[in-house]
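Here's a quick walk through one protein model, written for someone meeting it for the first time. Have a look at the sequence and the structure, then read on.

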Amino acid sequence: MQWLIILCIVLSGVFPFQKYSDQVNTDPKEQVEKMIGDFFESMRNSDAADMRSFLTESATLKTVVSGEQGSTHLRQTEISAFMNSVINSEAGSLDEQLTSFTAHVDGNLSTAWMDYSFYYNGEFSHCGVNTMNLIQTESGWKIFSIVDTRRQEGC
């Protein structure tokens with residue numbers, strides 16, 4: 001009977017410790033990087049529903065556009081329009097390849113900066129930078145803002 005009590009005490013101490021140590025050793029920057037990688041993998045698979053799961057309800061998508069004579073402005077794309085373009089694309093045709101990645105985390109807020117090259121149907125289309133702002137929710141990190149640049153030279 002004593003061995004059963006000892007076993008219960010040992011097991012009750014080991015399992016909670018294991019769960020806690022897994023959570024403590026999880027680096028938020030690595031979580032953010034993996035989530036963003038999964039976001040772009042969903043885009044490659046033309047899986048807009050999965051992509052949407054990585055976004056908050058009010059997420060925004062903007063592009064910094066350089067105009068003639070050095071003017072600069074922001075162009076907003078509605079998330080629904082973006083998702084429709086993903087749905088209407090053949091799986092594998094949209095391939096955004098990250099060439100660098102940096103994330104900063106402060107509690108429940110993260111900002112990620114990544115250089116990328118974009119390929120459409122296997123052919124180079126453009127390159128640029130993405131910045132993403134994310135919030136830590138009960139269900140994990142969610143993107144609430146995406147801003148990108150796009151160029152075809154200097155890639």
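## A hairpin to start with

Strands E4 (residues 102–106) and E5 run antiparallel and are joined by five bridges. Strands here are DSSP runs of type E with at least two residues, helices are runs of type H or I with at least four, and both are numbered from the N terminus. Two strands count as paired if DSSP finds at least two bridges between them. Across this pair, His 104 sits opposite Thr 111 in E5. E4 and E5 make a hairpin with two residues between them, and Gly 107 in the turn has a positive phi of about 65 degrees.

A word on the ground rules: this is a predicted model, where local features need pLDDT of at least 70 and side-chain atom pairs count only at pLDDT 80 or more, while totals for chains, interfaces and linings use all residues. Residues are numbered from 1 along each chain as its sequence is written, and side-chain values use heavy atoms, leaving out hydrogens and water.

## The nonpolar core

A nonpolar core is a set of buried Ala, Val, Leu, Ile, Met, Phe, Trp, Tyr and Cys residues joined through side-chain atoms within 4.5 Å. The largest one has 27 residues, and Ile 36, Phe 39, Met 132 and Leu 134 touch the most other members. Among the elements that each supply at least two residues are helix H2 (28–44), strand E1 (55–66) and strand E6 (123–137). H2 gives the most, with six residues.

Ser 145 is in strand E7 (residues 140–149). With 13% relative accessibility, Ser 145 counts as buried, meaning under 20% relative accessible area; exposed is over 50% and partly exposed lies in between, using a 1.4 Å probe and protein chains only.

## Salt bridges

There are four salt bridges in the structure, each a side-chain nitrogen of Lys or Arg within 4 Å of a carboxyl oxygen of Asp or Glu. Asp 38 pairs with Lys 34, their closest N and O atoms 2.8 Å apart. Both lie in helix H2, four residues apart, about one turn of the helix. Lys 34 is exposed at 53%, whereas Asp 38 is partly exposed at 29%.

Arg 150 bridges to Asp 148, also with closest N and O atoms 2.8 Å apart. Here Asp 148 is buried at 4%, while Arg 150 is partly exposed at 41%. Elsewhere, salt bridges that share partners join Glu 41, Arg 44 and Asp 95 into one network.
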